[in-house]
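Reader: I am new to this structure and would like to learn how to read its features one at a time. Could you take me through them slowly?

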Amino acid sequence: MNRKLLPLGAALLLGAFATPTFAQDSDAPDVAQPTAAQNSVEARFLALEQRLAALEAENARLRASIAPASAPAGTPAQAAAVQVASATETPAPAYADEGGTASQDRSRGTVGFNNSYAFQMLDNAEAANTKPLVQLAAASAGDLDSRVVLSGGVTAIANQQWSDTDSKFGYLMRHPTTNNQIGKSVSEAVIHSAQLAVTAKLTDSVIAYAEMLYDPQQSFGAGNITALTRNQIQLRRGWVMLGNLDKSPFYALVGKMDVPFGLNETVSPFTNSTNWHAFAGLAYGAQAGYTSENVTVRAMAVQGGAQFRAANVPVQGTSVPSRLNNFAVDARFTLPFGENGNSVMAGASYIHGSAYCQGYPIFHFNPCDDNNPAVAAYGQVNIGPVKLIGEYATTTDEWPGTAVPVPMNPLSQFAAVEAEAFTLGGRFGFGDYSASPQGRKFAVSGEFSKFISGDNGAPWERQNQAVLGFSWFPSESINLFTEFTHVDGWAPLNFLSGGNLPDGSSWSVREADTNVALIGAQVAF
């Protein structure tokens, strides 16, 4: 019987027993001689049974009329349970699509995680300036099914460094200053960086992204790595992007992002190439692009002034970022061949205002008299487990500050030069190639990169970097690695050619050698 009818039946029974006739049963005569009262009780029971049977039939008819045609057969109690479950089930949340019509949220959840996506977005080695494309590809592959995807990453390292020149360590994965490295031998066990990111897929074609970064070793703050000025958290990247590769190859975004210039990747497990240090831009601006299997074209309107990294066009003779007067364009062509993801890629870039426009003495974020454009050409080859990269970038004009404009200073003999950088590297992967987002489980790598920042023989002439690396991905988002790095030269950007010492000399040292033995772990979640 339906549960809702049980109280009604009980009430009928109580009502029947509460009549005067049932109250007199204790004084009734012998049952062998039924009385008129007893006959009356039997009649009442018969009438009650008939009423209950009628109610049962009505209840069955009502259940049949409201049950879905596909409902499974079962007892009345089972049917009632199905009805209760259907009535209490919470509907899936809805959001408005591009047309403004509410539709069911296909994300199947409000907040989610994706380790592989997190590693690719937060990795500093690969896809250095193509994170929006990584994001669009992830959305197309269904990796952003949740409305909000939370990501995080931590890179911890321990190393020993040696220099043949007192307090001159040229390894660029930390700022080379005497605030942090004293003597000829230094060691450390530190958090190199930590990141937290939020990706919000607001509709099928609108994505919002924000990435927070803690990086005391490469922070521009004053002091050493324990100073509060270097232990700050910044918004490293953030944008709102319109794009859906399932619908269109075009996309656009506005925010703080990597400038589309050069390749700026590395085959090393951790240490960035010299090209990245010299030319990888980070700036406010608006980017638009087109991407397909073979062709990718990107263009960005870059905010003027001295931006966060490697972009600078003066605004009325100042570094105030009050105009969109800088821009960058990049185009690359990819040709797949054979099987196993084999491909050849070639690309070229232009930026209207590089970082190398400042006069003497050079100091980061100082205003420039004029912009200094830069161009880049690069290539990449993937053949099975082998990856090869090559890149060259240069300014189109001389960097004014690489010459000392003081006739009485002996350093004035060195002429100004264009800023240049190039990288050559190769990596061989082996093991289960599906174990990591980089397509490898184990890998050995070798890379050489060079920054040319001065005339032949100048103390600030160049800085070379050679890296041998080995990495292991025990899971898709954990990279355990070791590297040995050798650096020739110590050429810091600030006061590169001098201007900060009383005797007029430069603190750059062409002959300074640095060796680094390093182990580390990069994890994402």
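Predicted model: local features only at pLDDT ≥ 70, side-chain atom pairs only at ≥ 80, totals over all residues.

Reader: What volume does the largest cavity have, and which residues line it?

Author: Its volume is about 50 Å³, and among the residues that line the largest cavity are Ala306, Arg309, Asn312, His364 and Phe365. In all, the search gives three cavities of 30 Å³ or more.

Reader: How should I read a disulfide, and which residues form one here?

Author: A disulfide is a covalent bond joining the sulfur atoms of two cysteines. In this model Cys357 and Cys368 form a disulfide, with their sulfur atoms 2.0 Å apart. Both cysteines lie in the loop between strand S14 (343–351) and strand S15 (374–383), 11 residues apart. The torsion about the S-S bond of Cys357 and Cys368 is about 60°, so the disulfide is right-handed.

Reader: Is Cys357 buried or exposed, and is Cys368 buried or exposed?

Author: Because buried means under 20% relative accessible area, Cys357 counts as buried at 4%, and Cys368 is likewise buried at 2%.

Reader: How many salt bridges does a search of the whole structure find, and what is the general idea behind them?

Author: Side chains of opposite charge can pair when their charged atoms come close. Here the search finds nine salt bridges. In one of them Lys387 pairs with Glu126, the closest N and O atoms being 3.3 Å apart. Lys387 lies in strand S16 (residues 386–395) and Glu126 in the loop between H5 and helix H6 (131–140), so this pair ties together parts that are 261 residues apart in sequence. Lys387 also forms a salt bridge with Glu265, at 3.5 Å between the closest N and O atoms, and Lys387 and Glu265 are both buried.

Reader: Which residues are linked in a network of salt bridges?

Author: Glu126, Glu265, Lys387 and Arg427 are linked in such a network. As a further case, Asp330 forms a salt bridge with Arg298, the closest N and O atoms being 3.0 Å apart. Asp330 lies in strand S13 (residues 326–336) and Arg298 in strand S10 (residues 295–302), so the pair ties together parts that are 32 residues apart in sequence. Asp330 is buried, with a relative accessible area of 0%, and Arg298 is buried at 1%.

Technical notes:
Residues numbered from 1 in each chain as written. Heavy atoms only, no water. Disulfide = S-S within 2.5 Å. Helix = DSSP H or I, 4+ residues; strand = E, 2+ residues; numbered from the N terminus. Buried < 20%, exposed > 50% of the residue type's maximum accessible area, 1.4 Å probe, protein only. 1 Å grid on protein atoms, 1.4 Å probe; cavity = no way out; pocket = protein on both sides within 12 Å on 5 of 7 lines; lining within 4 Å. Points joined across faces, edges and corners; volume = space filled by probe spheres on them. Salt bridge = Lys/Arg side-chain N within 4 Å of Asp/Glu carboxyl O.
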